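Grab a pencil and work through these exercises with the model open beside you. Each one sets a task and then walks through a solution.

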Amino acid sequence: MQGSEPAQSVPSEPSNGHQPVAPQAWNLGLILGSLGVVFGDIGTSPMYAIRQCFSGSHAIPVSQGNVLGIISLIFWTIIVVVCFKYMTFLLKADNKGEGGVFALLALLKGVNGSRTSRVYSSVVLASIFGAALLYGDGIITPSISVLSAVEGLGIATKALNPLVVPLTCLILFSLFFVQRIGTHGVARVFGPVMLVWFITLAALGVNQVVQNPQILQAVNPLYIYDFFAAHKIHGFIILGSVVLVITGCEDLYLDLGHFGRRAMRVSWFSIVFPALLLNYMGQGALLLGNPEAAFNPFYELVPRALLYPMVGLSTVAAVIASQALISGIFSLTQQAVQLGYCPRIRIIHTSSETRGQIYIPIVNNALMVACIGVVLAFQSSSGLAGAYGIAVAGAMTITTVSYFFVITRVWKWSFWKALPLFAVFLAFDLSYFSSTLLKFFQGGWFPLAVAALVFVSMTTWKEGRYQLAKKLMQSRFPIDLFLEDLKQHPLHRVKGTAVFLTVSPEGTPPALLHHVKHNHVLHEKVILFTMTTVDTPTVPDRQRLTGEDLGQGFYRLISRFGYMEKPDVPKVMAMASRLGLKTDPAVTTYYMGRETLLTSGHTKMSAWRKGLFSFMARNAQSPMAYFGMPPNRVIEIGAQIEL
């Protein structure tokens with residue numbers, strides 16, 4: 001048996017088939033795949049972004065100065081936020097190839113002394129709230145994307161207007177219904193379809209730009225100055241609509257691990273970026289020549305003969321964008337479970353070949369009800385736009401702050417070197433976030449309410465687990481004393497192996513003490529099994545398991561899983577033979593503690609949070625199912641704990 005080693009010793013190399021991204025950078029499959037999964041959200045923004053500026057609740061009149069000002073804002077926003085911030089800098093901040101707010105958080109955990117600092121605690125809370133905002137985004141994105149696409153029917157003929165909302169709800173229901181089947185097969189066509197979508201966006205835009213090339217003057221940032229000088233506070237409010245052109249930035253960062261930064265950059269700079277700019281320029285050129293098109297400039301770009309096919313293509317693109325975000329929410333939830341911010345819930349792997357293809361029924365059903373609910377409540381994409389930007393801008397702001405701490409504390413940039421970059425990013429983020437706050441009472445409250453609910457739940461679960469572990473540790477009996485007492489007072493040993501699952505790699509599991517107290521018998525082999533989650537996406541199989549021979553037939557095993565992996569106890573037990581510990585699954589029994597929480601104890605948690613934690617614990621998925629243990633070989637031993 002090998003000696004136990006600390007969890008931090010997991011190496012930084014990729015694992016489980018997740019290879020370095022550099023050799024795959026020019027792989028056509030990766031580039032096409034990223035078009036559907038990574039850029040679906042930002043790629044469907046042209047359907048509603050400019051319309052919201054000129055026909056929304058805070059619309060400005062269509063004039064040459066206003067059109068050039070808005071297009072210039074859109075151009076430079078995409079340049080600075082997407083090209084500069086995300087594509088150039090943030091994609092470098094990966095944790096073993098994975099991106100997202102939890103990846104930034106994991107990078108900061110590796111800094112000595114960071115875990116106990118107040119700054120780190122503040123960044124942790126901000127990162128959790130940033131992740132929570134993505135759940136609000138996960139509700140709004142499918143709703144507004146599909147609704148905007150279907151609204152094209154109303155452009156074709158007014159008679160179809162009453163069908164827009166019912167048809168949108170039907171499409172959303174179908175989208176969430178098929179999640180249980182798995183999307184690994186359909187996902188293969190996502191990339192080619194989105195390639196057709198981006199080519200179409202570019203072609204529609206070029207057609208109008210050629211007819212009115214004056215719109216190309218919008219690349220001059222002086223038009224932004226003129227715009228704000230003319231509109232002042234109203235111009236600031238319009239930023240809340242302009243921010244819609246960069247929805248999906250957080251999602252593309254979250255999807256970094258699936259495709260790699262170089263493939264994503266190739267897709268963005270060669271296909272997505274030019275197509276989006278040409279389409280936005282085309283919509284601006286259209287408005288310069290036809291101000292009445294402000295009602296829906298995206299569909300007004302389309303020749304009448306192609307309107308119905310374009311509605312169909314737009315709907316498919318919207319579904320793909322929604323699918324990408326739904327998958328992202330599933331992955332985010334899985335990470336939250338593994339990192340201890342969410343109770344165990346049922347996670348179904350829909351593909352044995354494709355990594356990351358998961359389905360979470362409770363999250364899927366909640367998203368479906370919420371999406372259909374907001375469509376019925378807001379009735380139009382213009383109504384939903386007010387609720388959209390606040391979640392996007394809020395999450396982007398939090399990511400910028402977390403990134404600043406990564407480059408200064410992990411990458412060791414000097415404060416003065418990091419400050420200019422941080423200031424530019426934060427200036428854009430705070431400008432957009434502040435402008436979206438002005439739409440709080442027009443729907444902006446909804447994603448904030450969703451985020452607050454998720455944030456409270458996550459922090460309550462994390463704190464509750466900490467207080468519960470603290471209580472258990474106070475009553476923990478040293479394993480050395482237990483083995484010494486066993487040596488002096490031997491118990492009858494029966495054939496087979498007993499595996500006692502314990503959250504701590506120290507001391508004697510309470511379930512073992514209760515078992516000895518009531519049954520007065522032990523198995524020939526007794527394994528104290530601890531499963532931990534480390535701050536890396538995956539762990540190589542060769543470093544999955546460490547162990548220690550405690551003597552008298554007792555062994556301690558410590559298994560490590562990454563926050564993107566599903567724990568599997570039987571699989572790990574089969575690996576124990578590499579350490580010299582052979583077990584027979586047919587005569588192996590798993591023992592687990594089952595705690596009944598009493599909220600009458602004295603801890604720092606308030607009464608309502610204790611009640612919430614107790615409710616979440618009662619409704620968490622059974623540990624035997626979550627850890628993949630055979631139900632007919634599991635024995636639960638109950639205990640009451642005052643929290």
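This is a predicted model: local features need pLDDT of at least 70, side-chain atom pairs count only at pLDDT 80 or more; totals for chains, interfaces and linings use all residues.

**Exercise 1.** Describe how helix H4 and helix H10 pack, starting from the angle between them.

*Solution.* Find H4 at residues 64-89 and H10 at residues 222-231; they pack at an angle of about 125°, and their axes are 8 Å apart. Now classify that angle. Roughly perpendicular covers 65 to 115 degrees and roughly antiparallel means over 145, so H4 and H10 are oblique to each other. For the handedness, H4 passes H10 in a left-handed crossing. Who makes the contact? On the H4 side, look for Asn66, Leu68, Gly69, Ile70, Ser72, Leu73 and Trp76, and on the H10 side for Tyr223, Ile224, Phe227, Phe228 and His231. Sort these contact residues by type and you get 8 nonpolar, 4 polar and no charged.

**Exercise 2.** Take glycine 240: is it buried or exposed, and which residues does it touch beyond its sequence neighbours?

*Solution.* Glycine 240 lies in helix H11. Its relative accessibility is 1%, so glycine 240 counts as buried. Skip the residues up to four places away in sequence, and glycine 240 touches Ser435, Thr436 and Lys439. Now zoom in on serine 435: glycine 240 is 195 residues from it in sequence, but the two C-alpha atoms are 5.0 Å apart.

**Exercise 3.** Figure out which strand holds threonine 530, and what surrounds that residue.

*Solution.* Threonine 530 is part of strand S4 (residues 521-534). With 0% relative accessibility, threonine 530 counts as buried. Set aside neighbours within four places in sequence, and the contacts of threonine 530 are Thr502, Val503, Ser504, Pro505, Leu557, Ile558 and Ser559. Take one from this list: isoleucine 558 is 28 residues away along the chain, with 4.9 Å between its C-alpha atom and that of threonine 530. Then take threonine 502: its backbone oxygen lies 3.3 Å from a polar atom in the side chain of threonine 530.

**Exercise 4.** Locate asparagine 364 and list what it touches.

*Solution.* Go to helix H17 (residues 361-378), where you'll find asparagine 364. Asparagine 364 is buried, since its relative accessible area is 0%. Not counting residues up to four places away in sequence, asparagine 364 touches Phe176, Gln179, Phe330 and Tyr359.

**Exercise 5.** Zoom out: how many helices and strands does the chain have, and what share of its residues counts as buried?

*Solution.* The secondary structure comes to 25 helices and 8 strands. Of the 643 residues, 56% count as buried.

Definitions and conventions: Residues are numbered from 1 along each chain as its sequence is written. Side-chain values use heavy atoms; hydrogens and water are left out. Axes are lines fitted to C-alpha atoms, for helices over the stretch in contact, and angles run from 0 to 180 degrees between N-to-C directions. Helices (H or I, at least four residues) and strands (E, at least two) are DSSP runs, numbered from the N terminus. Angles under 35 degrees count as roughly parallel, over 145 as roughly antiparallel, 65 to 115 as roughly perpendicular and the rest as oblique. A crossing is left-handed if the near helix is turned anticlockwise from the far one by less than a right angle, and right-handed if clockwise. Contact means heavy atoms within 4.5 Å. Ala, Val, Leu, Ile, Met, Phe, Trp, Tyr, Cys and Pro count as nonpolar, Asp, Glu, Lys and Arg as charged, and the others, Gly among them, as polar. Buried means under 20% relative accessible area, exposed over 50%, partly exposed in between (1.4 Å probe, protein chains only). A polar contact is a pair of N or O atoms within 3.5 Å; within protein, one must be able to donate a hydrogen and the other to accept it, and residues adjacent in sequence count only if both atoms are side-chain atoms.
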